[in-house]
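User: I want to learn how to read domains, overall shape and sheets in a model. Please take me through one.

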Amino acid sequence: MQDILSVSVYNGQAIDLQEIPQLSIAQFRAAIISAVESGCRIASLFAVFSKTDKGQLYVVLAHDDTGKLYILSADVTDSYPSITTDCLQAHLFEREIAEQWAIRPVGHPCLKPVRFHQPYRDAPDIWGREKNEKILPSVMEFFQSDGDEIHEVAVGPVHAGIIEPGHFRFQCYGENVVNLEISLGFQHRGIERSLIGGPNKRTLHYMETLAGDTTVGHSSAYCHILESLAECSISPGVQTIRAIALELERLANHTGDLGALAGDVGFLPTASFCGRIRGDFLNMTALICGNRFGRGLIRPGGVAFDLKNERVWQLLEKLVRAAAKDVTVAVNLLWNNPSVMARFEKTGTVSSELCRKLGFVGVAARACGIECDTRFNFPFGTFQFAHIPVSTWHTGDVFARAYVRWLEIQRSITFIQNQIDMLHESKIEKPEIGALAPEKLAVCLVEGWRGEICHVGITDVEGHISHYKIVDPSFHNWTGLAMALREQQISDFPLCNKSFNLSYCGFDL
Amino acid sequence: MFPKTEPELPERFCGRPTVNPVKCPIDCKLCIDVCPTDALKKENGILTVDLGRCLFCARCAQDCPTEAIKFSREYRLAARLKNDLILSGPEMKLVDALDKKTKALFGRSLKLRQVSAGGCNACEADTNVLSTVVFDLGRFGIQFVASPRHADGLLITGPVTENMQLALKKTYDAVPDPKIVIAVGACAISGGIYVDHTQVNNGADTIIPIDLYIPGCPPHPLTILDGLLRLLGKIN
């Protein structure tokens, strides 16, 4: 393994395409399997096709302990032996590759479409769908249990609340869920394909809206990619503002999630308080850039708004008031309330073993006691200098996912307070980055509020984007929700779902 | 009733853009070139901005050398007709209330079913927030309900992806007549940044008729609330 994994990069670095080890498909497969066995995670796995119909697989293997990212590549034709059979983390990536490029991973145990669209190249569809046939979402074979008392429940795409669309298929034995299968793709807007040939005036807006609740996370990852491809350095002041925005995004969403979890068990005080406090955090982002979601703040080469003088004190005042006082009171009501704890504890448990096997990330992984946090393992920008302790809990249940959020809320508040002191010298350079270097690949990981965001950008000979791969943390974690539901009452689905709170559009792209 | 006092929006908030034709040089098209969604047009020397396409990124205002286009902090942006979203000056025609008969039906109780059809969860989030204690939408008689059968209308977000087209149509058909439909956000009005993608339709009115357009990317919750209340004739 050591020989093959000889070339590594750190988070945010670019590498010449020629330097990436080119393996045979057998070596590629074996390298991924052995790397994951020795502690790597698959951060990204995708196929690229050149105009001459020559296919290549790329993998980004993330080694949490050393902070190294290994990049491997292999030529591929119409089929190859599935990696999933020996490495479960590859399962959804291989389905995605099969759907996009009509490449069959032979032996894949669960080869089904992911987003329900036609293949990108002129080759027969894996599922035999005709070229001009309209492909309907969620039309596929679902896993089914047999038995006299087994029944099936189908939910979605349109849900009962103000939520994005997705389809959930439950196999139930009485009240208990035997299996849950999740079928998404309803939000597919063709984002990755629209990035080819860029960057152009639309690119940044795709990044800001590919998962609108993670605007700062994804636009930061994208800007890092461009900056490393253009070899453009970013001032500490800019990095501080980006880090503050990222933590504000985390604060708003974690607070909203804790409120929604309280709402799902009918505990209205925390639900009501957190609904408001979430807005207070969003308004802090709006204080910096005018938009509650951080639209227009992060720009390639810098940030579009400064943060100084009176505005800093306003932010601090709002943060301390909303944070230190209100959110603490509102959230602590949960832990002191037996009827809440009875619903949270031992509900929707995921074991740490399963978590490692399937490669879950972010809050869901840390709630299984796994210390994986991009800010700590793959520090980038401000996080290289200011460490946020990794928040974990060991029980893997709804409670753990809620409690990790609460720990992170406290630590993000402290972090922002500390960073504000560093802001006095923040200077905003004019966001201009210059041309991108040709024939390079750049990787960037950002710890978004849901977990690890992975962007990979590849340039062609002219320095344009020839391929861009986005992995939202939800891509890893939707399977976690399906696993959490096993042997749970179906009535606990909303609670379990909220405890993961995954993105549909970030998955569907 | 609402608002008791004018709400205070952030200093850097980008609200309704205003065009000053006097300041706009006749052959300049810098703003048109930088707009990511082609929201700006110039015909016969007259510059117009289409709020239905605008992402409020303010790139045009930043690049305008003469300040002919500027973003105000005006949050009232909704319109009944798509044409009313196309501005060529500082004024905008705001929402007219429903006709007397429809208002008699929905004025005191309006139940809406929300359908996200390719939305990025920002419009959804800022619609959801209306039900919190901050805005307390229920006090105006407006509520989001869990079934189209219980609903008086739809509130749609997202450009309507190909994969959501059928589900949206079915949901619309399941709402009993008479019904009203509201499109929230640039995507739902025009396709937004996803305009002309093969995977999406260019907005909800390509599938079903729309009664109220609420622009923004996403619209501020106050913008949505203002649109809803004007439609019901609760503010003039």
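User: What distance separates the centres of domain 1 of chain A and domain 3 of chain A?

Analyst: This is a predicted model. The centres, taken over C-alpha atoms, are 30 Å apart. The division of chain A gives domain 1 (4–106), domain 2 (150–183) and domain 3 (202–435).

User: How many residues of domain 1 of chain A are in contact with domain 3 of chain A?

Analyst: Contacts are counted from C-beta atoms within 7 Å. Here 10 residues of domain 1 of chain A are in contact with 10 residues of domain 3 of chain A. On the domain 1 side, three are nonpolar, five polar and two charged.

User: Now chain B. How many helices and strands are there?

Analyst: Chain B has seven helices and 10 strands. Its radius of gyration is 18 Å, close to the 18 Å of the globule rule for 236 residues, so chain B is as compact as a globular protein of that length. The C-alpha atoms fill a box of roughly 55 × 45 × 30 Å along the principal axes.

User: What percentage of chain B is buried?

Analyst: Buried residues are 53% of the 236. Of the chain B contacts between residues at least 6 apart in sequence, 78% join residues at least 24 apart.

User: And the sheet: what is the strand order?

Analyst: Pairing needs at least two bridges. In chain B, an open sheet of three strands runs E2-E3-E5, with antiparallel pairing. Strands E2 (40–43) and E5 (86–87) of chain B are the edges, each pairing on one side only.

User: Which residue of E5(B) is the bridge partner of Val49(B)?

Analyst: Leu87(B) is that partner. Two bridges join strand E3 (residues 46–50) of chain B to E5(B).

Methods. Residues numbered from 1 in each chain as written. Chains lettered and ligands numbered in written order. Predicted model: local features only at pLDDT ≥ 70, side-chain atom pairs only at ≥ 80, totals over all residues. Helix = DSSP H or I, 4+ residues; strand = E, 2+ residues; numbered from the N terminus. Rg over C-alpha atoms; globule rule 2.2 N^0.38 Å. Buried ≥ 20, exposed ≤ 12 C-beta atoms within 10 Å, placed from the backbone. Contact = placed C-beta atoms within 7 Å. Domains from an automatic or database assignment. Nonpolar A, V, L, I, M, F, W, Y, C, P; charged D, E, K, R; others polar.
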